[in-house]
Amino acid sequence: MVREIKRDVYLQRLIDKKENGLIKVITGIRRCGKSYLLFYIYHDYLISQGVDEKQIIQIPLDDDLFTKYRDPTELSKYIRSKIIDGKMNYIFIDEVQYAISKEELRNPDEIRLYNVLNGLLRFRNVDIYVTGSNSKLLTKDVLTAFRGRGDEVRVYPLSFKEYYDFVGGEKAEAYEEYALYGGMPLVLSKKNEIDKMQYLKTLFNEVYFKDIGERYDIELTDVLEELTDDLCSSIGSLTNSSKIARTLESVKKIKVSSNTISKYLDYLIESFLFNVAKRYDIKGKKYFEYPSKYYCTDIGLRNARLNFRQQEETHIMENIIYNELLCRGYSVDVGVVEIVNSKNGNRTKSQIEIDFVVNAGSKKYYIQSALNVSDGEKMNTELRPLKNTNDFFKKIIVTKTTAKPWNDEDGILHLGLYDFLLYENSLDY
């Protein structure tokens, strides 16, 4: 019997939104498990609750047997022909972006699919779920197109907890594997490291770049690839489109405008390959327009793109912590704190950084990621930004240690990496 990877967090989010009168829009990078979540895990849940198989209408638009239904008119006819009167019908449409043409993409007001889905909502006995791998179609425009009837569920690659619950064993050993190969679910089915590496490398060229190229008619494919490499090699570093354009020209001898880089950055984010964290002035309570930090959605994909050469443990750990915070549904920024320095009677101002400002409803947390703080100077450097926020929100430093959580004399929580990753409520120790 094949073991199932548990995605209990996402299953519960779907259960909570069940039959709420909205279109559940399940988004995320391709191959992260959206289809499996909907067509297997959630499907089995519905069956366990007494729903008949005929009440679940499934249309996987990336399956060649369903190509006909990429035409919204044909899709509408098919779904309507399957609806059972007097019973709730659950409609699953997978990879819904296939039902949107390039011409419609250029003029979102003309996207026929949205009208089809809005029309289906007039039935009182339908509950609609769609998945997609492009955020521009499914998050930026969806609320307007569905007139407030879209309800997003963002799915990420496996968190470390999901990964560890499946593989078990020593936590440290499991983490090292996770930090190398990441959390794309199919990686767990590969028997050896060569197969894992090859699978992750193939995803870029055969899936992600191909999708982006076809969707946006990319002309400068070499620029897209170099941009991806640059972001992967500098995760957690401040950058912007102008800086990247200058780097490509000076290092790679590729001349390209910052506007083109900005556009390609949007494509990479819209395809869920990267996430962007903006800088937030904690005392001034405002955002900086640029520069920002970019993090890879999956650390294994990042490593594969760089041919597993650049294994900067500090930056990889920071990326994993960032991804974990997103998986938990938090909003995450990079914090900037202005401090006053006094030397020889002279006062100067400077800015220091807090890795993550985490917003969770009415709660806020400040988090520093530090591989180790083995000496006093390193500890003081990491704690200094936290001590200078001049507010009472919770402050946390996460280090790669197995020590039990403890609070220092300034009330700062010292949290081990494995405790942070494995316990959903770890920020509230």
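Predicted model: local features only at pLDDT ≥ 70, side-chain atom pairs only at ≥ 80, totals over all residues.
The side chain of Thr 228 comes within reach of the backbone oxygen of Leu 224, at a distance of 2.8 Å.

Where does Thr 228 lie? Thr 228 is part of helix H11, which covers residues 221-233. Is Thr 228 buried or exposed? Its relative accessibility is 0%, and buried means under 20%, so Thr 228 counts as buried. Leaving out residues up to four places away in sequence, Thr 228 touches Phe 204, Phe 209, Leu 268, Phe 274 and Arg 305.

The second residue is Phe 272. Phe 272 sits in the loop between helix H13, residues 258-270, and strand E7, residues 274-277. Phe 272 and Ser 133 are 139 residues apart along the sequence, yet their C-alpha atoms are 7.3 Å apart.

With 9% relative accessibility, Ser 159 counts as buried. Which residues does Ser 159 touch, if we do not count those up to four places away in sequence? They are Tyr 178 and Glu 324.

Now the chain as a whole. How many helices and strands does the chain have? There are 17 helices and 16 strands. Of the 429 residues, 53% count as buried. Take the contacts between residues at least 6 apart in sequence: 67% of them join residues at least 24 apart.

Next, the overall dimensions. A compact globule of 429 residues would have a radius of gyration near 22 Å, and the chain has 23 Å, so the chain agrees with that value. Along the principal axes, the C-alpha atoms fill a box of roughly 80 × 50 × 45 Å.

Last, surface and charge. The chain exposes about 20700 Å², and carbon and sulfur atoms supply 46% of that area. As for charged side chains, 63 are positive and 65 are negative. The centres of the two sets lie 3 Å apart.

To go back to where I began: Thr 228 is in helix H11, and its side chain reaches the backbone oxygen of Leu 224. That is the end of my part.

Technical notes. Residues numbered from 1 in each chain as written. Heavy atoms only, no water. Helix = DSSP H or I, 4+ residues; strand = E, 2+ residues; numbered from the N terminus. Buried < 20%, exposed > 50% of the residue type's maximum accessible area, 1.4 Å probe, protein only. Polar contact = N/O pair within 3.5 Å; in protein donor to acceptor, adjacent residues only side chain to side chain. Contact = heavy atoms within 4.5 Å. Rg over C-alpha atoms; globule rule 2.2 N^0.38 Å. Areas by Shrake-Rupley, 256 points an atom, 1.4 Å probe, with all protein chains shown as cover. Lys, Arg positive; Asp, Glu negative; His and termini not counted. Charge placed at Lys NZ, Arg CZ, Asp CG, Glu CD.
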